[in-house]
Amino acid sequence: MISIGMTREDAIASITRYPAEALGLPESRWRMDIGDEANLTIWELEDKEQSFIDSNGNAWDGNEMLNPKMVYVNGQLIEIAV
């Protein structure tokens with residue numbers, strides 16, 4: 001979504017805050033305060049030309065993609081397949 005004009009902040013909110021709010025989850029599931037157990041994803045910004053295809057089969061070219069590198073749920077590191 002970044003490649004078609006969405007800000008990084010909105011792209012991240014679209015996969016964190018907005019789904020949590022839609023599911024009725026408390027703010028603590030998408031936001032941290034001092035003393036909270038970690039519920040977070042550490043992202044890496046990949047900057048290279050690549051093609052994207054959406055769920056309708058539409059394709060476009062872009063050069064920015066956020067890739068998850070580490071995920072913590074309730075303070076525990078979760079292995080992710082990349």
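Does Trp 60 count as buried, partly exposed or exposed, and at what relative accessibility? At 21% relative accessibility, Trp 60 counts as partly exposed, where buried means under 20% relative accessible area, exposed over 50% and partly exposed in between (1.4 Å probe, protein chains only). The model is predicted, so local features need pLDDT of at least 70 and side-chain atom pairs count only at pLDDT 80 or more, while totals for chains, interfaces and linings use all residues. Residues are numbered from 1 along each chain as its sequence is written, and side-chain values use heavy atoms, with hydrogens and water left out.

**Strands and hairpin**

- E1 and E2 run antiparallel and are joined by twelve bridges; strands are DSSP runs (E, at least two residues) numbered from the N terminus, and two of them pair if DSSP finds at least two bridges between them.
- Asp 47 has Glu 64 in E2 as its bridge partner.
- The hairpin of E1 and E2 has five residues between the strands, and Gly 57 in this hairpin takes a positive phi near 85 degrees.

**Gln 50**

- Gln 50 lies in strand E1, which covers residues 40–53.
- With a relative accessible area of 17%, Gln 50 is buried.
- Beyond its neighbours within four places in sequence, Gln 50 is in contact with Trp 60, Asp 61, Gly 62, Glu 64 and Met 65 (contact means heavy atoms within 4.5 Å).

**Aromatic pair**

- The structure holds one aromatic pair; rings of Phe, Tyr and Trp (its six-membered ring) pair if their centres lie within 6.5 Å.
- The ring centres of Phe 52 and Trp 60 are 5.8 Å apart and the planes stand at 25 degrees, so the pair is stacked (planes under 30 degrees apart count as stacked, over 60 as edge-to-face and the rest as tilted).
- Phe 52 is buried, at a relative accessible area of 16%.

**Surface patch**

- Ile 42, Met 70 and Leu 77 form a nonpolar surface patch with about 240 Å² of accessible area together, by the Shrake-Rupley method with a 1.4 Å probe.
- Patch residues have over 30% relative accessible area and no salt bridge, with nonpolar side chains joined within 5 Å; a salt bridge is a side-chain nitrogen of Lys or Arg within 4 Å of a carboxyl oxygen of Asp or Glu.
- Met 70 is found in strand E2 (residues 59–73) and is partly exposed at 31% relative accessibility.

**Asn 74**

- Asn 74 lies in the loop between E2 and strand E3 (76–78) and is partly exposed, with a relative accessible area of 37%.
- Although not a glycine, Asn 74 has a positive phi of about 50 degrees.
- Most residues other than glycine have a negative phi.

Technical notes
Patch = residues over 30% accessible without salt bridge, like charges linked within 9 Å, V, L, I, M, F, W, Y side chains within 5 Å. Helix = DSSP H or I, 4+ residues; strand = E, 2+ residues; numbered from the N terminus.
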